[in-house]
Amino acid sequence: MQLVVLGMHRSGTSGVPRLLNLAGAWFGPEGIATDANEENPKGFWERRDVRAVCDGLLHGGGFDWYRLDGFSIDALPPDVVDDQRHAFSQILDELDQHRPWVVKEPRLCLLLPVLRPLLDQPVCIHVTREPLEVALSLHARNGLPVQCALALWELYTLRAVE
């Protein structure tokens, strides 16, 4: 089983992969995760390699997790998509040796359609949080205007549901 945790940044998604890991889903080798910090003292439970693929896709199209005006999968250059799919397939080669496994990366809400063809048994778990709480958290953490953060919550949530 391939467990994919989806949800907007600051939605409480970090606890889910940890719980699934404690229940037996493999997360990865020691040192693969983004380090805990003052924003998330118990850890983000995000793999750095999966984030690099997602950032590669977004940045390759001129976007970022918070800068998504005009974003669509079709706006991503084909060579960037090919390169990042190749990188993701290498990650999957490792993950698939340890099924069931779990990954969590908020950017996958937007990018899963690009990477989905590489997965053969995905189970998506969508975590959501009250939108205004997310927006206020993003405002406090990143200085984003609340209206902008609400628009991001809506985009990530709608794309995850799609």
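This is a predicted model: local features need pLDDT of at least 70, side-chain atom pairs count only at pLDDT 80 or more; totals for chains, interfaces and linings use all residues.
Residues are numbered from 1 along each chain as its sequence is written, and side-chain values use heavy atoms, with hydrogens and water left out.

**Around Lys104**

- You'll find Lys104 in strand 2 (strands are DSSP runs of E, at least two residues, and helices are runs of H or I, at least four, numbered from the N terminus).
- Its side chain makes a polar contact with the side chain of Thr13, at 3.4 Å (a polar contact is a pair of N or O atoms within 3.5 Å; within protein, one must be able to donate a hydrogen and the other to accept it, and residues adjacent in sequence count only if both atoms are side-chain atoms).
- The side chain of Lys104 also has a polar contact of 3.1 Å with that of Ser14.

- Three strands line up as 2-1-3 in an open sheet with parallel pairing (two strands pair if DSSP finds at least two bridges between them).
- At the edges sit strand 2 (101–104) and strand 3 (122–126), each pairing on one side only.
- Strand 1 (residues 2–6) is joined to strand 3 by 5 bridges, and Leu3 has Val123 as its bridge partner in strand 3.

**Salt bridges**

- Side chains of opposite charge can pair when their charged atoms come close.
- There are 10 salt bridges in the structure (each is a side-chain nitrogen of Lys or Arg within 4 Å of a carboxyl oxygen of Asp or Glu).
- One of them pairs Glu94 with Arg47, with the closest N and O atoms 2.8 Å apart.
- That pair links distant parts of the chain, 47 residues apart: Glu94 is in helix 3 (residues 78–95), and Arg47 is in the loop between helix 1 (15–22) and helix 2 (48–60).
- Glu94 is partly exposed at 24% relative accessible area, while Arg47 is buried at 1%.
- Arg99 and Asp96 form another salt bridge, 3.1 Å from N to O; Arg99 is partly exposed at 30%, and so is Asp96 at 28%.
- Arg107 and Glu105 form a salt bridge too, at 2.5 Å between the closest N and O atoms, and both residues are buried.
- Salt bridges with shared partners tie Arg51, Asp55, Glu105 and Arg107 into one network.

How values were computed:
Buried means under 20% relative accessible area, exposed over 50%, partly exposed in between (1.4 Å probe, protein chains only).
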